[in-house]
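Please look over this model with the notes below in hand.

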Amino acid sequence: MKRFLFILILTVFLFWGCGTGTSPTTPVPNQTLRIVSPPEDGIRNVVGEGVILQVTIECSLQDEINVVDTNGEILYQGTIRPPEDVIELKNFGTKGEKEIKIRSLESPVSTDLRIINDDKKLLDLAKKFALEYCCLNGKVVRLRQTTVYIEKSKPPVLSEDVVGKAVSFWEKMSPIKFILMNSDDEIPLGSCTISFLNQTDEGNPSAIARAVRLYATDYEVNGGFIRLYSPFETLNYIEKINVIMHEIGHIIFSEKHTEYGDVMDISVPIEEQNKWWPFQQKGLQLLYSVGPGEPIP
Ligand SMILES: [Zn+2]
């Protein structure tokens, strides 16, 4: 009997020992979610009809997320990748000022973003923005047309892909449509055009690129050209796209620089010059809703 008990205890011990030995000891990494932008400043987080909100999310793991309105409606669903990813919201749900929830579908974490879904407020901000950046004496300064012909493969330092990415950004963020052309394609007479020039330097050795607007009158722009200097070649792929986006912005939007951490703001690193906020999108919609020289509506 004693011997039997001993064997039983030994067996239990061995099983228990084996059990703990094979139990999972590797920790499961935790997801973290943090909103990097937009800031909740009552300007960049104001949304409405016909605009996109770029939301930058910092995360530690690749994850499926969704964005949920206060009433439970799902506004967005998609995948995000670490360390930082940008999602584009087009549906903002119910009107008003509110917290929308960005929720991981693979771990129990979420974070909130305060947005203001208000068309009137968006329009007011857009009008003020367009007046400050795109007008002369309260009158619109803009491209003559909303279709722009652009050379896609010249100069050689510029890949077609970089131009294509830059152009799709502005097609999403403005009412401008671009037609990509080979340098030997014939551009219809009287069209708005943007062309590229490859230049070694400008006297200023740190100059990367420069856009020159071609004016027909004080208010009417025919298009322009973009000079690329030798430091442009040292940029990485993302930086090249952002620089081309910025220079195209000078031709279709304004010669001025902005201060909202967007594509036209030179106070942020080139890699982060990739935003165009809802009030700025609405501003360009207003700008191109009337002719050159007319007052902003
Ligand atoms: Zn600039």
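**Notes on the predicted model**

1. Helix H3 (residues 160–173) packs against helix H4 (residues 237–252) at an angle of about 50 degrees, and their axes lie 9 Å apart. H3 is therefore oblique to H4. Angles under 35 degrees would count as roughly parallel, over 145 as roughly antiparallel, and 65 to 115 as roughly perpendicular; the rest are oblique. Axes are lines fitted to C-alpha atoms, for helices over the stretch in contact, and angles run from 0 to 180 degrees between N-to-C directions.

2. A word on the basis. This is a predicted model, in which local features need pLDDT of at least 70 and side-chain atom pairs count only at pLDDT 80 or more, while totals for chains, interfaces and linings use all residues. Residues are numbered from 1 along each chain as its sequence is written.

3. The crossing of H3 and H4 is right-handed (the near helix is turned clockwise from the far one by less than a right angle). From H3, the contact takes in Val162, Val163, Lys165, Ala166, Phe169 and Trp170; from H4, Lys240, Ile241, Ile244, Met245, Ile248 and Ile252. Contact means C-beta atoms, placed from the backbone, within 7 Å. By class, the residues of this contact are 10 nonpolar, no polar and two charged. Here Ala, Val, Leu, Ile, Met, Phe, Trp, Tyr, Cys and Pro count as nonpolar, Asp, Glu, Lys and Arg as charged, and the others, Gly among them, as polar.

4. Overall, the protein has five helices and 16 strands. Helices (H or I, at least four residues) and strands (E, at least two) are DSSP runs, numbered from the N terminus. Of the 297 residues, 32% count as buried (20 or more other C-beta atoms within 10 Å; 12 or fewer is exposed, and in between is partly exposed). Of the contacts between residues at least 6 apart in sequence, 67% join residues at least 24 apart.

5. E1 and E3 (residues 53–59) are antiparallel and share four bridges; pairing requires at least two DSSP bridges. Ile35 stands opposite Ile57 in E3.

6. Which strands pair with E16 in the parallel sense? E11 (residues 142–143) pairs with E16 (residues 220–228) over two bridges, in the parallel sense. There, Leu143 is opposite Val221. E14 also runs parallel to E16, joined by six bridges. The partner of Leu197 in E16 is Arg227.

7. E15 (residues 209–215) pairs with E16 in the antiparallel sense, over seven bridges. The two strands form a hairpin with four residues between them. Arg213 sits opposite Gly224 in E16.

8. Check Thr193 in E14 (residues 192–198). Is Thr193 buried or partly exposed? Thr193 is partly exposed, because 18 other C-beta atoms lie within 10 Å. Tyr149 is 44 residues away from Thr193 in sequence, yet their C-alpha atoms are 4.6 Å apart. Leaving aside residues up to four places away in sequence, Thr193 touches Val148, Tyr149, Ile187 and Gly223.

Key
Two residues are in contact if their C-beta atoms, placed from the backbone, lie within 7 Å.
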